[in-house]
Amino acid sequence: LSMADKLALDKFEVDEGESHIHLHNELCKSCKEKNCLLVCPAGLYSEQNGEIIVEWAGCLECGTCRAVCPQKAIEWIYPRGGFGIIYRQG
Ligand code: SF4
């Protein structure tokens, strides 16, 4: 399976009312590295008109983006109980 095919097997219970990822865009604008664009295994970060955007609904909850942000511009918490990715075995 390709990475895209594997990601398509994941199931999400999306918390429509509340993103669990918040970006401090004023810090993102001054960031030279923009590591978030490179490290997210689901490719959820993009840059549009000079702003960093995250499509949080597809988050795999690995926490990598928060760990590698040199600006500490990413506020990241786990989704509320019952929401987020549902990993399946087998
Ligand atoms: Fe992407 Fe992982 Fe950050 Fe979710 S926690 S947005 S999957 S890098």
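Mentor: Begin with E61, which is exposed, with 12 other C-beta atoms within 10 Å. A residue is buried if 20 or more other C-beta atoms lie within 10 Å of its own, exposed if 12 or fewer, and partly exposed in between, with C-beta atoms placed from the backbone. This is a predicted model, in which local features need pLDDT of at least 70 and side-chain atom pairs count only at pLDDT 80 or more, while totals for chains, interfaces and linings use all residues. Residues are numbered from 1 along each chain as its sequence is written.

Trainee: In which loop is E61 found?
Mentor: E61 has a positive phi of about 60° although it is not a glycine. Helices (H or I, at least four residues) and strands (E, at least two) are DSSP runs, numbered from the N terminus. By that numbering, E61 is in the loop between strand 4 and helix 4 (64-68).

Trainee: How many helices and strands does the protein have, and what pattern do they follow?
Mentor: The secondary structure comes to four helices and six strands. Read along the sequence, the pattern is α-β-β-α-α-β-β-α-β-β.

Trainee: Why is the protein as compact as a globular protein of that length?
Mentor: The radius of gyration is taken over C-alpha atoms, and the globule rule is 2.2 Å times the number of residues to the power 0.38. For 90 residues the rule gives 12 Å; the protein is close to this and so is as compact as a globular protein of that length, with a radius of gyration of 14 Å.

Trainee: Is I74 buried or exposed?
Mentor: I74 has its place in strand 5 (residues 74-76). The C-alpha atoms of I74 and H20, 54 residues apart along the chain, are separated by 10 Å. Because I74 has 22 C-beta neighbours inside 10 Å, it counts as buried.

Trainee: Which residues form the largest nonpolar core?
Mentor: A nonpolar core is a set of buried Ala, Val, Leu, Ile, Met, Phe, Trp, Tyr and Cys residues joined through C-beta atoms within 7 Å. Of the 90 residues of the protein, 13% count as buried. The largest core has ten residues: L23, C28, C36, C40, Y45, I52, C65, C69, A73 and I74.

Trainee: How do strand 3 and strand 4 pair?
Mentor: Two strands pair if DSSP finds at least two bridges between them. Y45 has V54 as its bridge partner in strand 4, and Q48 has E51. Strand 3 (residues 45-48) and strand 4 (residues 51-54) pair over four bridges, and the sense is antiparallel.

Trainee: What phi does N49 take?
Mentor: N49 lies in the loop between strand 3 and strand 4, a hairpin with two residues between the strands. N49 counts as exposed, because it has 5 C-beta neighbours inside 10 Å. Its phi is positive in a residue other than glycine, near 50°.

Trainee: How far apart in space are D10 and I85, C-alpha to C-alpha?
Mentor: D10 is in the loop between helix 1 (3-8) and strand 1, and counts as partly exposed with 13 C-beta neighbours inside 10 Å. D10 and I85 are 75 residues apart in sequence, and in space the C-alpha to C-alpha distance is 7.0 Å.

Trainee: Which are the closest residues around the ligand?
Mentor: A residue is near a molecule or strand if its C-beta atom, placed from the backbone, lies within 6 Å of it. The ligand is surrounded by 13 residues, and the closest are C40, C59, L60, C62 and C65.
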